[in-house]
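Please have a look at it before I go on.

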Amino acid sequence: STPIIFDTDPGVDDAQAIAIALAHPDIELLGLTTTFGNVTIEVATHNALLLAELAGQRIPVAQGAAEPLVKKKNPPPGHIHGDNGLGNIALPDISTRAVAQSAPQFIVEQVNARPGEVVLVAVGPLGNLAAALQLDPTLVDKVKRVVVMGGSIREGGNVTPVAEANMFNDPHAAARVLQASWPLTLVGLDATHRCVLDPASMEKIARAQGDLGRVLAESYAFYRAFYQKALGIDGCCPHDSCALVWLLRPDLFEVERGTLSVVTDGLAEGQTLMAPHSRQFVDGRWSQGTLADVCLNADGPAVIAWIVDTL
Ligand code: BDR
Ligand code: CA
């Protein structure tokens, strides 16, 4: 099974993805690292601990970025994920605590303990990965792969006409991570918007997942109401789960290879750009880059079926 570190800002769709990471026999979950994004860093860490507890598992949780590297923090999107990140539902108390290391320290230690083996799956703003890279630049050669849920190449954005939320929340961190020379897969809105988790599928998951299932289903109801109002669809995109689905079932995605850049300032801040060759456009200049795998489409029904089967 693949050892992963799951970097997350839970978040309703993050919670669904965490449930998959906890449940799937082909994933060895080394730890959850938390970031601000859908919620404040304190709430993100609390939710990560809670979700692991509800699944009856002791998984290290390391707390990370409280704010973006450079820009001023955007207010958390309480209308999408609820102020508590889990649809404002009542939540039980937790009895576990985060580990002493920060998220970037945890990432550096774990990757160095198993060079060439660990996959970093990041589904929130990318400050923790950017900081880990700064602590230890040799990570680019030591991770097995980085899988990022974020960005959008042709689909348009979900926060601005061109920017996806995880990129928009910390574009400078995103630029460092997407422009680094490590093996990287981008699972952005081009793929995740093809996948809609419908209410009937959610009910099946809720029935199978016990206490955790109740939290997933009730928070899903809140998230679904947002999708209904904002996009007019009945169901919601399991964005963050798609990163894990790609890891275990890459055949369900259409991938093109190219180099990535992120716009850090101005009207298009947070936009991701792909050049379909190995030259990379960084700081207004072309140089030799590292090809990333960029998901540009997904078999939505098959992705949803896989998620339901797994949970
Ligand atoms: C991403 O933004 C967050 O709100 C979701 O959890 C997901 O990671 C989708 O754009
Ligand atoms: Ca997320």
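Predicted model: local features only at pLDDT ≥ 70, side-chain atom pairs only at ≥ 80, totals over all residues.

The shell comprises 13 residues, and the closest to ligand 1 are G11, D13, V123, A165 and H239. As for where the shell comes from, helix 1 (12-23), helix 7 (165-169) and helix 12 (239-248) each supply at least two of its residues.

Now to the chain as a whole, which has 13 helices and 11 strands. Its radius of gyration is 18 Å, close to the 19 Å that the globule rule gives for 311 residues, and therefore the chain is as compact as a globular protein of that length. Taken along the principal axes, the C-alpha atoms fill a box of roughly 50 × 45 × 40 Å. Buried residues make up 54% of the 311 in the chain, and, of the contacts with a separation of 6 or more, 80% are between residues 24 or more positions apart.

What lies inside? In soluble globular proteins, nonpolar side chains tend to be buried together. Here the largest nonpolar core has 99 residues, and those with the most contacts inside it are V121 and A243. If we leave out residues up to four places away in sequence, V121 touches I4, F6, D7, V147, A243, L244 and L247.

Let me turn to a tryptophan, W182, which is found in the loop between helix 8 (171-178) and strand 6 (184-187). By contrast, W182 and A206, which are 24 residues apart in sequence, are 37 Å apart in space, C-alpha to C-alpha.

I will finish with a hairpin, formed by strand 9 and strand 10 with two residues between them. The two strands, residues 279-282 and residues 285-288, run antiparallel and are joined by four bridges. Within this pair, F281 stands opposite W286 in strand 10, while D283, in the turn, has a positive phi of about 50 degrees.

Methods: Residues numbered from 1 in each chain as written. Chains lettered and ligands numbered in written order. Near = placed C-beta within 6 Å. Core = buried A, V, L, I, M, F, W, Y, C linked by C-beta atoms within 7 Å. Buried ≥ 20, exposed ≤ 12 C-beta atoms within 10 Å, placed from the backbone. Contact = placed C-beta atoms within 7 Å. Rg over C-alpha atoms; globule rule 2.2 N^0.38 Å. Pairing = 2+ DSSP bridges.
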